[in-house]
Amino acid sequence: MNTSEMEYLKLCVGERFDHDMPAEGMSIVLANGAPLLTFNFSASPREIQTFLNGNTSFALFAKAELIFFLFKIEGFLDWSDLAFTIHLAGDETIDEGNAYLPFNLVLVDPGTKIVKGIRMVTVSPDFRSRLAELIRKQASEPFSTTAYYQAIGSLYDQYPTASDLLKQAVVIEQGGKTLPTL
């Protein structure tokens, strides 16, 4: 795909977020090769500042065909998780390379759909490499939407909380630093 064919996502604080997402909660998609993590939360001005300035941590959990992004923003959101499959990401992918990977974080008011905060946080080339490898492996496997959601349900029976997933994480990072897995 050449540059003139690419579709770019434009986000601005104070403007509407006119993209598909759950009514309340969080979602993760790939946008131009980078994770876009959207928080559809009501937030006070203080909470918006915490979203914009709190220390962030990211982790990856993988088991069989499942990939979960784990994340937290200190003072705003404790460890949380979202399942991800490349099979539902259209033509998107994560390129391998020895570069930091940006995570775009967007806070959206659920009532008005107005963007209240945007920030970008990077993860290390090692994190990027591990994610690219997991996605490549996932893409090579056959996919069934029904089986995918059933596998997520079964996984939550085994690992009911984000903390349980975190204990088995492939990689954990805070502020671009790789931390030993728990």
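1. Start with a term: a residue is buried under 20% relative accessible area, exposed over 50%, and partly exposed in between (1.4 Å probe, protein chains only). Asp 126 is partly exposed, at 31% relative accessible area.

2. This is a predicted model, in which local features need pLDDT of at least 70, side-chain atom pairs count only at pLDDT 80 or more, and totals for chains, interfaces and linings use all residues. Residues are numbered from 1 along each chain as its sequence is written, and side-chain values use heavy atoms, with hydrogens and water left out.

3. How many salt bridges does a search of the whole structure find? The search finds 3. A salt bridge here is a side-chain nitrogen of Lys or Arg within 4 Å of a carboxyl oxygen of Asp or Glu.

4. Take Asp 126 again. Its side chain meets that of Arg 130 in a salt bridge, 3.0 Å from N to O. Arg 130 is partly exposed, at 31%.

5. Arg 136 pairs with Glu 96, with their closest N and O atoms 2.3 Å apart. Arg 136 lies in helix α2 (residues 125-140) and Glu 96 in the loop between β5 (77-84) and β6 (101-108), so the bridge ties together parts 40 residues apart in sequence. Helices (H or I, at least four residues) and strands (E, at least two) are DSSP runs, numbered from the N terminus.

6. Glu 133 also forms a salt bridge with Arg 136, the closest N and O atoms being 2.1 Å apart. Shared partners join Glu 96, Glu 133 and Arg 136 into one network of salt bridges.
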